[in-house]
Amino acid sequence: MTDTLNIKITKVDQSRLPGINFSDLPFGKVFSDHMFIAEYENGVWSNLQVLPFGPIPMSPAISALHYGQAIFEGMKAYRQADGKISVFRGDKNFQRFNKSAVRMAMPTIPKEIFMQGIVELIKIDEKWVPNQDGYSLYLRPVMFATDPYLGVKASDKYTFAILTTPTGPYYSKPLKVKIETEFTRADEGGVGYAKTAGNYGRSIFPFAEAAKEGFDQLIWTDSATHEYIEEAGTANLIFVIDGKLVTPSIRSTVLDGVTRDTIIHLAKEAGIEVEERRISIKEIIEGIKNGTLTDAFAAGTAATVTPIGEISYHGKLYILADPETRSISKGIAKTLNDIRYGLAPDKFGWNWVL
Ligand code: COI
């Protein structure tokens, strides 16, 4: 892709790269030298630029802060075995970003701005893409409403930005999770399927309460009955029951995860039966008790494929099979990584090699 958009480039005087310890990269804390910005007003995107990462001046009255018109994406760029850089399934993140935008009454972003922003940013911060196994450059496109106006209505002005952060996996060990039956993440007819700030904001208090009891994550359940599993907030959920891959179907309360979709494709290709359907807590607990549930994992861009080691429901803790014995998720995770790092054929055309 060439730059046909007249993106203004302003480089840092001095890169922060020499001061970065690439063997200690906690998720989302270290930002690369540059960011991409575009501004929207009166139906037009303009002022496209790559500039040094840093604060953006803004009014404390911007409506994103007051009413939550803010959406984002999470995607990753990988250093491939031959040294090239490839972004994994960028198209799917682009489509979901605009789906979120529509739900939040925000303007959609043209594909060339979304994609070219990534290209220019990675070109300039190419050295920030890690080359250790399991590491990548996490890309965080975000859009927020910038009208300094306190009336509750769709903003007339927006900023689109892309930040990048070199990172390893979000979780570093098998998860101890709690099935949440008091608080809810999303409701039918709401915004659960959109990657919008409020979905994450509302989950922070319930998660903080669970963290006090030693949990790493919550499993959200449906708001109407709290009997069915939905997702984990930071990732989708996938189980192996009777040798089949089973995952909650996508509905208005569940994010249509890119990693989830990728795993479904890879499982089917490997001849594993896949069921996308409602899954009751009862089925999960019985499966653990009678041994038919042999695997459970979180699947997400940040989370990658993270085994669930323990599940708590109504105060009772259930221990799952040793993650080392879980051949299905281990096999899929390996295939997925091999494709991302250019070590296995990319049959589905998922790698966007820059
Ligand atoms: C991602 O997987 O990219 C996400 O956006 C999850 C994040 C909130 C941790």
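Mentor: On a 1 Å grid over the protein atoms alone, a cavity is a set of points where a 1.4 Å probe fits but cannot get out, and lining residues have an atom within 4 Å of a point. Points are joined across faces, edges and corners, and volume is the space filled by probe spheres set on them. The model is predicted: local features need pLDDT of at least 70, side-chain atom pairs count only at pLDDT 80 or more, and totals for chains, interfaces and linings use all residues. Residues are numbered from 1 along each chain as its sequence is written, and side-chain values use heavy atoms, without hydrogens or water.

The count is 2 cavities of 30 Å³ or more. The largest cavity has a volume of about 60 Å³. Its lining consists of Gly 74, Met 75, Lys 76, Tyr 78, Phe 88, Asn 93, Val 258, Thr 259, Thr 262, Thr 301 and Arg 340. Two or more of these residues come from each of strand 5 and helix 5 (258-269); helices (H or I, at least four residues) and strands (E, at least two) are DSSP runs numbered from the N terminus.

Arg 340 lies over the face of Phe 88, at 4.9 Å from the ring centre (the rule requires NZ of Lys or CZ of Arg within 6 Å of the centre and within 35 degrees of the ring normal).

The aromatic rings come next. The whole structure holds 17 aromatic pairs, meaning rings of Phe, Tyr and Trp (its six-membered ring) with centres within 6.5 Å; planes under 30 degrees apart are stacked, over 60 edge-to-face, and the rest tilted. Phe 27 and Tyr 170 form an edge-to-face pair, because their centres are 4.8 Å apart and their planes stand at 75°. Phe 27 and Tyr 170 are 143 residues apart. The rings of Tyr 78 and Tyr 341 are edge-to-face as well, with centres 5.2 Å apart and planes at 85°. Tyr 78 belongs to strand 5 (residues 75-79) and Tyr 341 to the loop between helix 7 (327-340) and strand 17 (351-353), so this pair ties together parts 263 residues apart in sequence. Tyr 78 is buried at 3% relative accessible area, and Tyr 341 is buried at 8% (buried is under 20%, exposed over 50%, partly exposed in between; 1.4 Å probe, protein chains only).

Ring pairs join Phe 114 in a cluster with Phe 36, Tyr 40, Trp 45, Phe 94, Phe 97, Tyr 158 and Phe 160.

Technical notes: 1 Å grid on protein atoms, 1.4 Å probe; cavity = no way out; pocket = protein on both sides within 12 Å on 5 of 7 lines; lining within 4 Å.
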